[in-house]
Every structure is written in C-alpha cells, then in structure tokens.
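This report goes through one protein chain, from its overall make-up to single residues. Please look at the sequence and the structure before reading on.

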Amino acid sequence: MPNAKNSPIAAASTPSSNRPSGRGYNGRFSRFRGRKMVSDSIHSALACDDILTEILLRLPEKHVFKFILVSKKWLYLICDLPFRRCYEMQWGTHTRLFGFFVCNLLYIDRPQGGLRRPRYEPALPLLSTCKEGDDLMSSGFLRKLGYFIDYSDGLVLCGRHPKNYYVWNSVSKYRCLLPQPRKHYKCLCIAFITENRGEADGDMVYRIVRASCECKVDVINTISIETFSSMTWTWKQSTLVCSSYFSLSPWMVGTVIDRVIYWFGTYRSLAIYDPGFGERSINSIKLPVGQLTYDYEDSILGESSDGLLQYGQSGKMGLEIWILHKEQATVTDRYEYRWTLRHRLSCKEMSKQNPNSGIRTKEPQVLSFICRDSESVFIRLGSNIYLCNIRSKTLAVIPYHCDGVSIPWDSCKVVPFFQKIWPYSPFPDPSNTFNN
C-alpha cells in the first residue's frame with residue numbers, strides 16, 4: 001500500500017522546513033510547474049485566432065493542410081476565404097490542371113431549324129487530365145450544367161443561352177440557378193466578373209454582363225447590355241455609347257482584368273468596357289497586325305504576368321503575342337492605348353526544337369493563355385494539346401481523355417480548367433456553437 005506521506009498532494013501540503021531539499025523534490029516540482037506554465041501559454045496563444053493565423057501564414061502549404069485535422073475550429077479558419085487570400089498573397093496561388101472544357105459554338109449559335117446536338121454527345125465535354133477530372137466526368141454532374149461559358153476564381157458559369165444560367169462552385173460543388181434575364185438578345189457576348197467576398201453568407205460576389213452584338217447606327221452608336229449582380233440578385237439593363245462604329249463579335253467571352261472587360265469586336269477591333277464608376281461608354285481600338293500572322297485564323301486574350309492584357313494570334317507561319325499598354329493622355333482625360341510585341345515564334349523554330357511534334361505538317365492553333373503567365377500558352381496540333389514554352393520554344397504534350405467523344409476542333413472553344421488546391425469546410429463557424 002503506498003505511503004500517503006509520499007503522495008504529491010501530501011508533499012505539497014508539507015511545511016517547507018520539513019520538505020526534502022536539493023534536486024530531489026524542488027527540481028521535480030519546478031520542472032512540473034514549468035511544463036504546465038508553458039503548456040498553458042501555448043494553449044492560450046493557439047486559442048487566439050489572430051495569433052494562430054499569424055503562425056499558419058508562416059508555414060508551407062503541406063503543413064497547413066495537415067492542421068485541418070486538429071479541430072473544426074482550425075478547419076474553418078484555414079478554409080476561410082480571407083485566410084486563403086492572405087496566404088496566397090504571401091505564398092502564391094497553387095492550382096492543378098483538371099482538364100479542358102469544350103464549348104461547341106455550332107450548338108450555341110444555332111439558328112431555328114439548324115444543327116442540333118445529338119443526345120449521345122455531352123453538352124459540356126471535359127478533356128480530363130487527372131483522376132479528379134475523371135471522377136467529375138463519371139459522376140454525371142456535368143450533364144446538369146448545360147454548356148460551358150466561362151470560369152473565374154473557382155466559379156464556373158454555364159447554362160443555355162439566352163435564358164438559363166448556372167454558377168457552379170467547383171470547390172463546394174454547389175450549383176446555383178440564376179433568374180432569367182429580362183432582355184432577349186439574338187446574338188450576344190458575355191463576361192464573368194468575380195469580386196470580393198460577400199459579408200452576408202461568405203460566398204464570392206460576382207457579376208455577369210450580357211452584351212448585344214447588334215450596333216445601332218441610326219442616330220448614335222450604342223450597345224445594349226444587361227448586368228446581373230449576386231448582391232442584388234437582379235438583372236439591370238443599360239445602354240453604352242460606342243466611341244466609334246463597330247459591333248461586338250457574337251458568342252465570345254470577355255477577358256476581365258482588374259474589373260475591366262475586353263471583348264473581340266468586328267473589323268479586327270478590340271472593345272474595352274470599364275463598368276466601374278458608373279461609366280456608360282465602350283471604347284474600341286484596332287488589333288495589331290503581325291508579320292507571321294497577318295493571315296491569322298485563331299486569336300485569344302489573357303492576363304500577362306505583369307497584370308496587362310496580352311493578345312495572341314496564330315496562323316500558318318507561327319504565333320505572336322502582344323501586350324496592351326494603357327497611358328494617360330496628355331490633353332484629355334481619356335487613355336491612350338499602345339501595342340508592343342512581346343514574343344514571336346515561327347513554326348520552323350518550334351519544329352527545330354520539337355522534331356517529333358508533327359508541326360511541319362499541321363498548322364498550330366492557339367487555344368488559351370495561363371492566367372498571369374507570359375511564358376506559356378496552350379496550342380493544338382491535330383488532336384494533341386501541347387503546353388508551349390515560348391522562351392525555350394519547347395512543346396510538352398498534355399495527355400487527356402474524353403470517353404471517346406469526337407471533338408470538332410474548328411468550331412469549338414477549348415478552355416483549360418485549373419482547380420485551386422485548397423481544402424473546403426462544410427461546417428459553419430464553430431465559434432458560434434462550441435468552444436474548442
């Protein structure tokens with residue numbers, strides 16, 4: 001039977017004069033008390049969201065993702081959008097290529113009695129490049145989305161023109177049906193803008209702009225647009241005044257950089273619309289004329305690594321990439337625009353660096369830029385998709401599969417789908433329900 005005098009409780013109540021001296025007792029008690037004080041201070045620090053956030057922001061991604069298993073509170077904090085954005089500002093955005101969305105323009109721009117999509121052909125084909133893409137294809141969920149239109153910051157805009165539109169959150173897998181537009185446009189182009197987080201429910205705030213591709217020239221050049229806002233959940237119609245005579249190219253998706261929309265226009269023009277500050281005008285500038293691509297067949301828009309608009313065009317001789325610079329005019333309050341050539345890559349140069357690519361016998365088609373990347377571009381040669389490094393002039397084939405679906409490349413828009421690598425929390429804020 002243990003002696004009660006030797007128990008920790010009894011020893012703690014023993015007068016100091018009768019306690020054992022030296023390292024035997026005092027050392028053990030001091031170490032115990034020291035460990036407890038350190039443990040309490042660590043627990044207090046980790047219980048503070050601000051301190052915990054500062055600690056997590058200093059850790060690499062692979063360690064941060066492991067900490068979502070600690071508790072629901074840590075899971076919610078790491079998955080919270082403000083924390084994710086602060087982390088991406090410090091460490092950069094990490095994404096993974098899930099595949100390529102394909103949109104067949106023949107079915108979207110289908111006149112009455114025109115070509116119909118066969119039932120066996122999916123409305124939203126995905127050229128999958130990874131297991132997650134394969135799972136998305138086999139789930140059958142893409143059949144509920146209609147045709148692909150655009151995506152931004154993890155949100156996918158899809159639907160069936162001109163009435164039914166969906167916004168699908170590719171992280172939470174939540175699909176939202178939007179109210180039907182009020183205006184009917186026979187031919188239109190569209191833009192998808194994502195903005196800051198909404199305070200009400202924590203969702204991404206977004207806007208959708210539909211623009212008519214018929215320009216009225218009877219009195220003044222105007223373009224009718226209709227804008228949907230997720231904050232008001234309504235469509236609002238307005239009229240834009242054109243700086244010159246032009247019309248927008250139908251069924252094109254605008255490129256958005258810093259909330260400014262860039263659309264392709266007719267007669268080799270580029271339309272620029274800034275919906276901020278209540279502006280009701282749309283400007284038009286001429287696209288550059290290249291040496292290798294004067295007879296270009298394909299063109300794309302994207303955002304460069306320095307946040308500027310980049311324009312790419314490809315033809316039989318090769319491809320060229322231009323950058324648009326915006327400068328303040330000296331006399332008026334308007335801006336002046338200037339194109340500069342950033343890259344020129346001929347088919348002969350690519351063939352020399354990639355002798356097995358078959359580029360000598362096949363004309364390259366430029367498909368898409370990578371967001372905020374000025375060194376790489378996706379191109380197509382036959383049925384193969386390559387990632388082209390412009391500086392090294394090398395081609396890396398991108399393996400994909402599409403369940404045997406035949407792709408009519410000449411009439412399709414092919415867009416890479418990058419999924420952000422970040423965990424998602426299905427739980428509400430735990431601070432409102434329990435304490436960890």
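## Terms and overall make-up

A residue is called exposed when its relative accessible area is over 50%, buried when that area is under 20%, and partly exposed in between. The model described here is predicted.

The chain holds 9 helices and 23 strands. Of its 436 residues, 45% are buried. Contacts between residues at least 6 apart in sequence include a share of 53% that join residues at least 24 apart. The accessible surface of the chain is about 24400 Å², and carbon and sulfur atoms account for 53% of that surface.

## Nonpolar cores

The largest nonpolar core consists of 34 residues, and Phe100, Leu127, Phe378 and Ile385 have the most contacts inside it. Two or more residues come from each of these elements: strands S1 (95–104), S2 (126–128), S3 (147–152), S4 (155–160), S5 (164–169) and S23 (412–420), together with helix H8 (131–139). A second, separate core has 23 residues, including Tyr107, Ala123, Tyr206 and Ile208.

## Helix H8

Which residues of H8 are buried? They are Gly133, Leu136 and Met137. These residues lie on the same side of H8, because they cover an arc of only 100 degrees around the axis. An α-helix has 3.6 residues a turn, so residues three or four places apart point the same way.

Lys131 and Ser138 are exposed on the other side of H8. The buried residues of the helix pack against S1, S2 and S5. Just after H8 comes Gly140, with a positive phi of about 80 degrees.

## Aromatic pairs

The whole structure contains 16 aromatic pairs. In one of them, the ring centres of Phe101 and Phe417 are 4.9 Å apart and the planes meet at 45 degrees, so the pair counts as tilted. Phe101 belongs to strand S1 and Phe417 to strand S23, so that distant parts of the chain, 316 residues apart, are linked by this pair. Phe101 is buried, at 1% relative accessible area, and Phe417 is buried with a value of 1%.

Tyr206 and Phe228 form another tilted pair, with ring centres 6.4 Å apart and planes at 35 degrees. Here Tyr206 lies in strand S8 and Phe228 in strand S9 (residues 222–229), 22 residues apart. Tyr206 is buried at 7% relative accessibility, and Phe228 is buried at 0%. Ring pairs join Tyr206 and Phe228 with Tyr165, Phe192, Trp233 and Trp235 in a cluster.

## Two arginines

Arg210 lies over the face of Trp235, at 5.8 Å from the ring centre. Trp235 is part of the aromatic cluster.

Is Arg207 buried or exposed? Arg207 has a relative accessible area of 18%. Residues count as buried under 20%, so Arg207 is buried. Arg207 is in strand S8 (residues 204–212). Leaving out residues up to four places away in sequence, Arg207 touches Ala191, Phe192, Ile193, Glu195, Thr227, Phe228, Ser229, Arg259 and Pro275.

## Loop residues

His161 sits in the loop between S4 and S5 and is partly exposed, at 23% relative accessibility. Apart from residues up to four places away in sequence, His161 touches Ile108, Ile149, Leu188, Ile190 and Trp251. The C-alpha atoms of His161 and His184 are 9.7 Å apart, and the two residues are separated by 23 residues along the chain.

Most residues other than glycine have a negative phi. Trp251 has a positive phi, near 65 degrees. Trp251 is found in the loop between strand S10 (234–242) and strand S11 (255–257), and is buried at 12% relative accessible area. Asp258 also has a positive phi, near 55 degrees. The position of Asp258 is in the loop between S11 and strand S12 (260–265), where Asp258 is exposed at 71% relative accessible area.

Technical notes: Residues numbered from 1 in each chain as written. Predicted model: local features only at pLDDT ≥ 70, side-chain atom pairs only at ≥ 80, totals over all residues. Heavy atoms only, no water. Helix = DSSP H or I, 4+ residues; strand = E, 2+ residues; numbered from the N terminus. Buried < 20%, exposed > 50% of the residue type's maximum accessible area, 1.4 Å probe, protein only. Contact = heavy atoms within 4.5 Å. Areas by Shrake-Rupley, 256 points an atom, 1.4 Å probe, with all protein chains shown as cover. Core = buried A, V, L, I, M, F, W, Y, C linked by side-chain atoms within 4.5 Å. Arc of directions from axis to C-beta. Phe/Tyr/Trp six-rings, centres within 6.5 Å; stacked < 30°, edge-to-face > 60°. Lys NZ or Arg CZ within 6 Å of the ring centre and 35° of its normal.
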